[in-house]
Amino acid sequence: MSFQLSTDAQQDEARITLGGELDAAAAPQFKDAIEQVAVTSPKRLVLFMDELAFLASAGLRVLIFARQKLGDVDIYVIGSKGPVLNTLKMSGFHQSVYLQDSYAT
Amino acid sequence: METLIVPASLNNLTDIRNYVKEAASAAGTSKEKLYQLQLAADEIATNIITYGYSGKGGEISVRGEIEGDSLTITLEDSGPAFDPRVRELPSEEDLSKPLEERAIGGLGIFLALQGVDQFDYRREGGKNVNILKVFLPKLA
C-alpha cells in the first residue's frame, strides 16, 4: 500500500493526513510537508493517522524533526490504532503528543 | 520459500515487507506478529541500505523458513560488518524524554529487536546475516 499525504494549513493550525505505509522511502515526503506547514508558524499540528497502516522509525524521526522545526507546538495524533499506535507507545512518543480517537473539525 | 534478492534501495522496502507477509501467511502467524516481523525486517533493511551500503548500492537477500514452531526471516548483505545487537539502544529514560530532547538514532534497531521473539546475527563469508525469528501459535 503506497504512502499518501495531504496537508491543510489554516490560521493557527496545520493538518496533515497520512495514509498507507510510512517507511524510510516515504518519510522525506512527510518531512517536506512539515517544512511546508512550518512556513505558516502553526500553534497546533494535527496528524490524522486513521488510514496509516505502517509506521517505521523513519516516520517517528520526522515527528522529532517536527518538534524541532515547529518549536513548542501542540502535536495531536488522531485515529492511530493497532500496531501503529503500539509503535508510538513502544517508542514513548505517546507521552509527547496528544493521542485522540477523533478531532473536531 | 524462494529467496528474494533486491537491490539495496529504499524503494524496495515494500517488496521486502510483501515477502515477509507471504512467509507469515504461509506460516499462519497472527496479524500482530506479521506486523512486528515486517517492521523488524523493514528496519534492518533500512539500516543496511542507509548505513551498511551508505547509499552506494549492493544487494539484500531475504529468506523465509518455517521450521517446526517458528518462522525465521534471514536478511543478508555484503556491507561492512555490523551487529545490530551491539548498537546502543534507547534506555527507558531515553524513551520517556520529550521529543525535543530525543536522540535521532537507535530507534529503528530498537523496534526491530523488540518486535521479534529472537534476534541473532553472525558474520559469515563476508556477509552480515541477520536472523529474525517468531514463534508460531501451537495448533490445538
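Strands in these legends are DSSP runs of E with at least two residues, helices are runs of H or I with at least four, and both are numbered from the N terminus. Strands pair where DSSP finds at least two bridges between them. The model shown is predicted: local features require a pLDDT of at least 70 and side-chain atom pairs a pLDDT of 80 or more, whereas totals for chains, interfaces and linings use all residues. Residues are numbered from 1 along each chain as its sequence is written, chains are lettered from A and ligands numbered from 1 in the order in which they are written, and side-chain values rest on heavy atoms, with hydrogens and water left out.

**Figure 1. Overall view of chain B.**
Chain B contains four helices and five strands, arranged from the N terminus as β-α-α-β-β-α-α-β-β. Its C-alpha trace spans about 45 × 35 × 25 Å along the principal axes. Of the 140 residues in chain B, 48% are buried (relative accessible area under 20%; exposed is over 50% and partly exposed lies in between, with a 1.4 Å probe and protein chains only). Among contacts (heavy atoms within 4.5 Å) in chain B between residues at least 6 apart in sequence, 63% link residues at least 24 apart. The mean pLDDT (the predictor's confidence in each residue, from 0 to 100) of chain B is 92, and 99% of the residues score at least 70. Within chain B, confidence is highest in strand 1 (residues 4–7), at 98, and lowest in helix 3 (residues 92–95), at a mean of 84.

**Figure 2. The five-stranded sheet of chain B.**
The sheet is open, with strand order 1-2-3-5-4 and antiparallel pairing. Strand 1 and strand 4 of chain B form its edges, each pairing on one side only. On average, neighbouring strands of this sheet are turned by 20 degrees against each other, direction ignored (axes are lines fitted to C-alpha atoms, for helices over the stretch in contact; angles between N-to-C directions run from 0 to 180 degrees). Eight bridges connect strand 3 (residues 70–77) of chain B with strand 5 (residues 127–135) of chain B in the antiparallel sense. Along this pair, Leu71(B) stands opposite Val134(B), and Asp77(B) stands opposite Asn128(B). Helix 2 (residues 31–52) of chain B lies across strand 2 (59–67), strand 3, strand 4 and strand 5, and runs at about 170 degrees to strand 5 of chain B.

**Figure 3. The hairpin of strands 4 and 5 in chain B.**
Strand 4 (residues 118–124) of chain B pairs with strand 5 of chain B in the antiparallel sense over seven bridges. Glu124(B) has Lys127(B) of strand 5 as its bridge partner. Two residues separate the strands of this hairpin, in which Gly125(B) adopts a positive phi near 55 degrees.

**Figure 4. Surroundings of Gln118(B).**
Gln118(B) belongs to strand 4 of chain B and counts as partly exposed because its relative accessibility is 31%. With residues up to four places away in sequence not counted, Gln118(B) touches Ile131(B), Leu132(B), Lys133(B) and Phe135(B). The side chains of Gln118(B) and Asp120(B) are joined by a polar contact of 3.2 Å (a pair of N or O atoms within 3.5 Å; within protein, one must be able to donate a hydrogen and the other to accept it, and residues adjacent in sequence count only if both atoms are side-chain atoms). Between Gln118(B) and Ile48(B), the C-alpha to C-alpha distance is 19 Å and the separation in sequence is 70 residues.

**Figure 5**
Five strands form an open sheet in chain A, with order 1-2-3-4-5 and mixed pairing. Strand 1 (4–10) and strand 5 (98–100) of chain A stand at the edges with a single partner strand each, so one side of each lacks a neighbour in the sheet. Strand 3 (residues 44–55) and strand 4 (residues 74–78) of chain A run parallel and are joined by five bridges; Leu45(A) has Ile75(A) of strand 4 as its bridge partner. Helix 1 (residues 27–38) of chain A lies across strand 1, strand 2 (13–22) and strand 3, running at about 175 degrees to strand 2 of chain A.

**Figure 6. Thr87(A) and its contacts in chains A and B.**
Thr87(A) is located in helix 3 (residues 82–90) of chain A. This residue counts as buried because its relative accessibility is 1%. Leaving out residues up to four places away in sequence, Thr87(A) touches Leu55(A) and Leu60(A), together with Tyr35(B), Leu39(B) and Leu111(B).
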